[in-house]
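Biologist: Hi, could you walk me through this model? I'd like to go over the helices and then some loop residues.

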Amino acid sequence: MNPELRKAQLLRRFNDAEHKPKEIAGREIFIPIPGGELRALLYAPDASGPAPLFVDLHGGAFIFGSPEEDDHFCTALCRELGMVVVSLDYPLAPEARHPVALEQIYAAIRSMRNDGPRYGIDPARVAIGGHSAGACLATAICMLAKRRGDLPLMCQVLDHPALDMGCTLPQQARYRDELELSQALLDFGAGCYATQKQYASDPLCTPCVATPEELEGLPPAVILTCERDSLRTEGEIYAGMLARSGVALRFMRFSGAIHGFTVFPGPLRAQGQKFLFDFIAKTSL
């Protein structure tokens with residue numbers, strides 16, 4: 001086993017011990033995709049007919065994390081908005097490097113839309129969102145859907161997003177909080193996930209390098225950043241990029257919040273979730 005993979009596996013075990021809840025409300029499913037299937041957790045409301053679908057993508061610097069750690073977020077979203085929520089267990093780096101996870105996520109969403117009755121969803125009403133690295137994947141899915149023209153999406157939810165893992169933005173302009181999210185961890189995750197060439201030139205890998213033309217026409221977006229978060233700068237820069245490209249946008253920096261506050265237990269979790277859920281309700285119901 002190479003040292004990169006060994007370190008990633010140690011980080012996964014530590015993260016699971018810290019954040020994986022013992023009891024899960026979501027139901028495990030396996031979504032057919034080309035060449036196999038993708039594991040996910042499904043949250044279904046009590047509904048008499050097809051419901052809108054929200055696709056949730058967990059965080060973890062592309063190298064750790066799981067749908068289980070988003071269980072509270074997905075349960076609350078399903079209960080409060082009456083949406084079907086699916087949290088995808090996308091493949092992690094370094095075993096799966098860019099764009100493997102992106103393509104599998106895309107295939108899974110299309111598979112669910114094509115078999116709507118099986119999941120109780122309305123294929124015409126699909127929204128996507130993610131947390132940290134999952135938010136990067138979510139907005140990349142929106143860009144990819146625009147290119148291919150075969151996956152209409154109602155909105156994108158970018159929750160404390162990681163949008164510049166390759167550090168293309170000037171270092172002197174960045175806010176850093178080493179106690180909450182260290183540069184060493186971000187650098188390790190970035191090295192596992194993609195190459196410097198991809199980070200510098202591929203907006204599906206680094207949304208912050210997208211041109212205005214690549215962003216025009218993307219679904220309405222909500223971006224939430226945290227005051228104490230090493231990813232704060234890139235999320236706020238990307239918010240400006242979307243706004244200048246004409247994308248309908250709602251943005252907020254949560255004062256006093258730390259990375260992951262909308263997902264993990266804490267005093268501001270309910271407020272952060274309400275901010276995001278209000279936007280989803282206005283754009284997707």
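Modeller: Below we talk through helix packing, single helices and a few loop residues. This is a predicted model, where local features need pLDDT of at least 70, side-chain atom pairs count only at pLDDT 80 or more, and totals for chains, interfaces and linings use all residues. Residues are numbered from 1 along each chain as its sequence is written, and side-chain values use heavy atoms, with hydrogens and water left out.

Biologist: Thanks! At what angle do helix 2 and helix 10 pack?

Modeller: At about 50 degrees, with the axes of helix 2 (residues 71-81) and helix 10 (residues 269-284) 11 Å apart. That makes helix 2 oblique to helix 10. Angles under 35 degrees count as roughly parallel, over 145 as roughly antiparallel, 65 to 115 as roughly perpendicular and the rest as oblique. Axes are lines fitted to C-alpha atoms, for helices over the stretch in contact, and angles run from 0 to 180 degrees between N-to-C directions. Helices (H or I, at least four residues) and strands (E, at least two) are DSSP runs, numbered from the N terminus.

Biologist: And which residues make the contact of those two?

Modeller: Helix 2 brings H72, F73, A76, L77, E80 and L81, and helix 10 brings R269, Q273, L276, F277, I280 and A281. Contact means heavy atoms within 4.5 Å. The residues of this contact divide into 8 nonpolar, 2 polar and 2 charged. Ala, Val, Leu, Ile, Met, Phe, Trp, Tyr, Cys and Pro count as nonpolar, Asp, Glu, Lys and Arg as charged, and the others, Gly among them, as polar.

Biologist: OK, next pair. How do helix 1 and helix 6 cross?

Modeller: The axes of helix 1 (residues 3-19) and helix 6 (residues 183-193) come within 11 Å and cross at roughly 125 degrees. Helix 1 is therefore oblique to helix 6. In the contact, E4, K7, A8 and L11 of helix 1 meet L185, F188, G191 and C192 of helix 6. Those residues divide into 5 nonpolar, 1 polar and 2 charged.

Biologist: Which residues of helix 9 are buried?

Modeller: R232, T233, E234, G235, Y238, A239, G240, M241 and L242. Buried means under 20% relative accessible area, exposed over 50%, partly exposed in between (1.4 Å probe, protein chains only). The buried residues of helix 9 pack against helix 5 (133-148), strand 6 (156-159), helix 8 (212-215), strand 7 (221-228) and strand 8 (249-258). Helix 9 is followed by G246, with a positive phi near 85 degrees.

Biologist: You mentioned helix 5. How many of its residues are buried?

Modeller: Helix 5 is mostly covered, with 13 of its 16 residues buried. Just after helix 5 comes G149, with a positive phi of about 70 degrees.

Biologist: Now the loops. Where is V247, and what is it in contact with?

Modeller: V247 lies in the loop between helix 9 and strand 8. With a relative accessible area of 6%, V247 is buried. Leaving aside neighbours within four places in sequence, V247 is in contact with L215, L218, P219, P220, A221 and L242. The C-alpha atoms of V247 and L215 are separated by 7.5 Å, although the two are 32 residues apart along the chain.

Biologist: What about the backbone at A61 and H160?

Modeller: Most residues other than glycine have a negative phi, and most peptide bonds are trans. A61 has a positive phi near 60 degrees, and H160 has a positive phi of about 35 degrees. A61 is in the loop between strand 3 (51-57) and helix 2, while H160 is in the loop between strand 6 and helix 6. A61 counts as buried at 10% relative accessibility, and H160 counts as buried at 3%.

Biologist: And which residues does a cis peptide bond join?

Modeller: A93 and P94, with omega about 10 degrees. The bond from H98 to P99 is cis, with omega near 10 degrees. P94 is in the loop between strand 4 (84-88) and helix 3 (100-114), and P99 lies in the loop between strand 4 and helix 3.
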